[in-house]
Amino acid sequence: FAFLIVSCVNKLQRETEEINRLLNPVPKSFSYQDSVRLINNYKMGMRFYKANCASCHGIFGKGKDSIPNFTKQDYDDYKTSFLMGDKTNHAVMAKMTEDQLNAVYIFLTGLKTRNP
C-alpha cells in the first residue's frame with residue numbers, strides 16, 4: 001500500500017515538473033479557480049498527448065525528438081478539421097473525442113517553445 005502511495009506522489013511530482021518545464025505560467029490576472037482549471041486542463045492534455053501523439057511528436061522522449069513546430073494556425077486547422085468530421089486529417093486524432101482533442105489543444109497552445 002505504501003508503495004502505491006509513493007508511486008502516485010512521484011507521478012504527480014513528475015507531471016508538475018513537466019508542466020513547469022514545458023508550459024507558460026498561468027497569467028497573474030487569473031482567479032484561483034481559473035488557475036486550477038487551466039492547470040488541470042494542462043495535465044489532462046499532457047496525458048492525452050502522451051497517450052495519443054507523443055510516439056510521433058515526441059516531447060517526452062519518444063518518437064521524434066522535438067516539440068511539434070506548429071503555429072497557432074496549424075493547431076486551429078487541426079481542430080477545425082476534427083470538428084468538421086474530417087477523419088482523413090490525422091488517423092490518431094480521428095480516434096479521440098472532442099473533449100480529449102480540446103485538452104491536447106489547450107496543452108499544445110500553452111507550450112513555452114511554440115511559434116508566436
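Reader: Which residue forms a salt bridge with D34?

Author: This is a predicted model, in which local features need pLDDT of at least 70 and side-chain atom pairs count only at pLDDT 80 or more, while totals for chains, interfaces and linings use all residues. Residues are numbered from 1 along each chain as its sequence is written, and side-chain values use heavy atoms, with hydrogens and water left out. A salt bridge is a side-chain nitrogen of Lys or Arg within 4 Å of a carboxyl oxygen of Asp or Glu. For D34 the closest N and O atoms are 3.1 Å apart, and the partner is R37.

Reader: In which helix do D34 and R37 lie?

Author: Helices (H or I, at least four residues) and strands (E, at least two) are DSSP runs, numbered from the N terminus. D34 and R37 are three residues apart, about one turn of the helix, and both lie in α2.

Reader: Are D34 and R37 buried, exposed or partly exposed?

Author: Buried means under 20% relative accessible area, exposed over 50%, and partly exposed in between (1.4 Å probe, protein chains only). D34 has 32% relative accessibility, so D34 falls in the middle class. R37, at 48% relative accessibility, also counts as partly exposed.

Reader: How many salt bridges are there in the whole structure, and which residue pairs with R47?

Author: Side chains of opposite charge can pair when their charged atoms come close. A search of the whole structure finds two salt bridges. In one of them, at 2.7 Å from N to O, the side chain of R47 meets that of E15.

Reader: How far apart in sequence are the parts that the pair R47 and E15 ties together?

Author: R47 is partly exposed because its relative accessibility is 41%, whereas E15 is buried at 5%. R47 lies in helix α2 and E15 in helix α1, so the pair ties together parts whose separation in sequence is 32 residues.

Reader: Which residues does K43 touch, beyond those up to four places away in sequence?

Author: K43 is found in helix α2. K43 is buried because its relative accessible area is 17%. Contact means heavy atoms within 4.5 Å, and beyond its sequence neighbours K43 touches E15, T16 and I19.

Reader: How many helices and strands does the chain have?

Author: From the N terminus on, the elements run α-α-α-α. The count for the chain is therefore, by the DSSP runs, four helices and zero strands.

Reader: At what angle do α2 and α4 pack?

Author: Two packed helices are described by the angle between their axes and the distance between the axes. Axes are lines fitted to C-alpha atoms, for helices over the stretch in contact, and angles run from 0 to 180 degrees between N-to-C directions. The axes of α2 and α4 are 7 Å apart, and the angle is about 105°.

Reader: How are α2 and α4 oriented to each other?

Author: Angles under 35 degrees count as roughly parallel, over 145 as roughly antiparallel, 65 to 115 as roughly perpendicular and the rest as oblique. With an angle of about 105°, α2 and α4 are therefore roughly perpendicular.

Reader: How do the residues of the contact of α2 with α4 divide?

Author: L38, N41, Y42, M44, G45, M46, F48 and Y49 in α2 meet Q100, A103, V104, I106, F107 and L108 in α4. Ala, Val, Leu, Ile, Met, Phe, Trp, Tyr, Cys and Pro count as nonpolar, Asp, Glu, Lys and Arg as charged, and the others, Gly among them, as polar. The division is 11 nonpolar, three polar and no charged.

Reader: How are α3 and α4 oriented, and how do the residues of their contact divide?

Author: The axes of α3 (residues 72-83) and α4 (residues 98-109) come within 11 Å and cross at roughly 180°, which means the two helices are roughly antiparallel. Contact is made by K72, Y75, D76, K79, F82 and L83 of α3 and E98, L101, N102, Y105, L108 and T109 of α4. These residues divide into six nonpolar, two polar and four charged.

Reader: How many residues has the largest nonpolar core, and which elements give two or more residues to this core?

Author: A nonpolar core is a set of buried Ala, Val, Leu, Ile, Met, Phe, Trp, Tyr and Cys residues joined through side-chain atoms within 4.5 Å. The largest has 17 residues, and those with the most contacts inside this core are L23, Y49, Y75, V104, F107, L108 and L111. The elements giving two or more residues are α1 (2-22), α2 (32-52) and α4.
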